[in-house]
Amino acid sequence: MDAGGTTTRALVTTLAGRRVGRARAEGANPNAHGAQRAAEHLAEAVGSALDAAGRGARGAVSAAVVGLAGVSSLREEQVREHMERALTRAGLPPGLGVFTGDDEIAFASGTPVAHGTVLIAGTGAIATRIDERGRTRSADGMGWLIGDEGSGFWIGHQAARETARQLSRGGPLSPLARAVAKRVIPGRRPRDGQEHLSQEHARDFARTLTAAAPVTLAELAPLVSRAHALGDPAAEVIVEAAAGHLAHSVHQVRAPGERLPVVLAGGVLAGSEPVRRALTRKLAVGAAGSVVAMAGCTAGGAAWLAALRAGAPEDDHRLHAVFTRPERDHGRDPADRPAQALPR
């Protein structure tokens, strides 16, 4: 299971990696949804995936791993009880399920080795050191108010600030500011006869954003990538700064000269080619020779970790690729997954 803040994905496989049941539900992060609702969503996803796997699936499960966003909340006994009971309600024997961090299954989805670094940049951002397949150290992940630099929220926030500056100045807007303003205040223009038209237009923009949930700023991040492709200088600055912040987080959890793999995960790194390219270039400064790979199917990463607990060989790299192959790559040879080594 990959139990994130927005979506919970449950996957049932055989020990050979064949996918026999899958399902989705709303997010199951206890910090975001509260323990009771998070547990309900987890039970829904797991139960539906087991139903899809067919009659007898519940009795045949030999291991289960839940990669949980907000896993630290399980230190509270009441939260842990809610989440463990969710697995039992879904049909798993008590004590069978193991909870781990979503960063740990993201790392497992990108590489079969036991040590390295995973960088997750989605709505938020965090870099984690992985040793023996478990989290040992992390950088950032402090939330949108004081951290998550380089994340989708951070990129969207920078885009909004740039747009407000351009609106306040008046005059033609850059491709980025034009796209952001159209998204936030479509069709609105300063009223004729109003003093300080440009400043009022900018304040209207700011008021609209302030009235919405802060996290919605992350929805502006893709507009930066599109403007970057058009050569917008402001978008280029934001992309380079985001990549710099993310690279800094990675370097914080790695030893100088280290060549262990780096796994990249999250919507920003999967969806923004400009940020990913700039990040890879910056990582080469302090991680030369390291293999950089994109995360695969994260629910598949959790299933592979469960398979290891059930006795699957951890040195079988082709088996790992079968488990973690992205859904869109079904039918392709697992050996075709792109990965690259940073130049020495």
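This is a predicted model: local features need pLDDT of at least 70, side-chain atom pairs count only at pLDDT 80 or more; totals for chains, interfaces and linings use all residues.
Me: Why is Glu132 called exposed?
Reply: The relative accessible area of Glu132 is 63%. The label requires over 50%, so Glu132 is exposed.

Me: Why is Arg133 called buried?
Reply: Arg133 has a relative accessible area of 19%. Buried means under 20%, and therefore Arg133 is classed as buried.

Me: Where do Glu132 and Arg133 lie?
Reply: Glu132 is in the loop between strand E7 (125-131) and strand E8 (134-140). Arg133 also lies in the loop between E7 and E8.

Me: What makes the phi angles of Glu132 and Arg133 worth noting?
Reply: Most residues other than glycine have a negative phi. Glu132, which is not a glycine, has a positive phi of about 50°. Arg133, likewise not a glycine, has a positive phi of about 70°.

Me: Why does Ser225 count as buried?
Reply: Ser225 has 15% relative accessibility. The cut-off is under 20%, so Ser225 counts as buried. Its place is in helix H9 (residues 221-229).

Me: What makes the link between the side chains of Ser225 and Ser272 a polar contact?
Reply: The side chains of Ser225 and Ser272 are joined at 2.7 Å. A polar contact is a pair of N or O atoms within 3.5 Å, one able to donate a hydrogen and the other to accept it; the value of 2.7 Å therefore meets the distance limit. Leaving aside residues up to four places away in sequence, Ser225 touches Ser272 and Pro274.

Me: Which residues touch the most other members of the largest nonpolar core?
Reply: Ile155, Leu176 and Leu279 do so, in a core of 43 residues. Helix H10 (residues 233-252) gives the most to this core, with nine residues. Apart from it lies another core, of 31 residues, which includes Ala49, Val61, Leu87 and Phe99.

Me: Which residues does Leu176 touch, not counting residues up to four places away in sequence?
Reply: Among them are Ala159, Leu223, Val224, Ala227 and Ile238, together with Thr163 and Asp232.

Me: What is the average pLDDT of the chain?
Reply: The average is 88, and 91% of the residues score at least 70. Over residues 191-195 the pLDDT is below 50, and that stretch has three contacts in the model beyond near neighbours in sequence. Residues 329-344 also have a pLDDT below 50, with 44 contacts in the model beyond near neighbours in sequence.

Methods. Residues are numbered from 1 along each chain as its sequence is written. Side-chain values use heavy atoms; hydrogens and water are left out. Helices (H or I, at least four residues) and strands (E, at least two) are DSSP runs, numbered from the N terminus. Buried means under 20% relative accessible area, exposed over 50%, partly exposed in between (1.4 Å probe, protein chains only). A nonpolar core is a set of buried Ala, Val, Leu, Ile, Met, Phe, Trp, Tyr and Cys residues joined through side-chain atoms within 4.5 Å. Contact means heavy atoms within 4.5 Å. pLDDT is the predictor's confidence in each residue, from 0 to 100.
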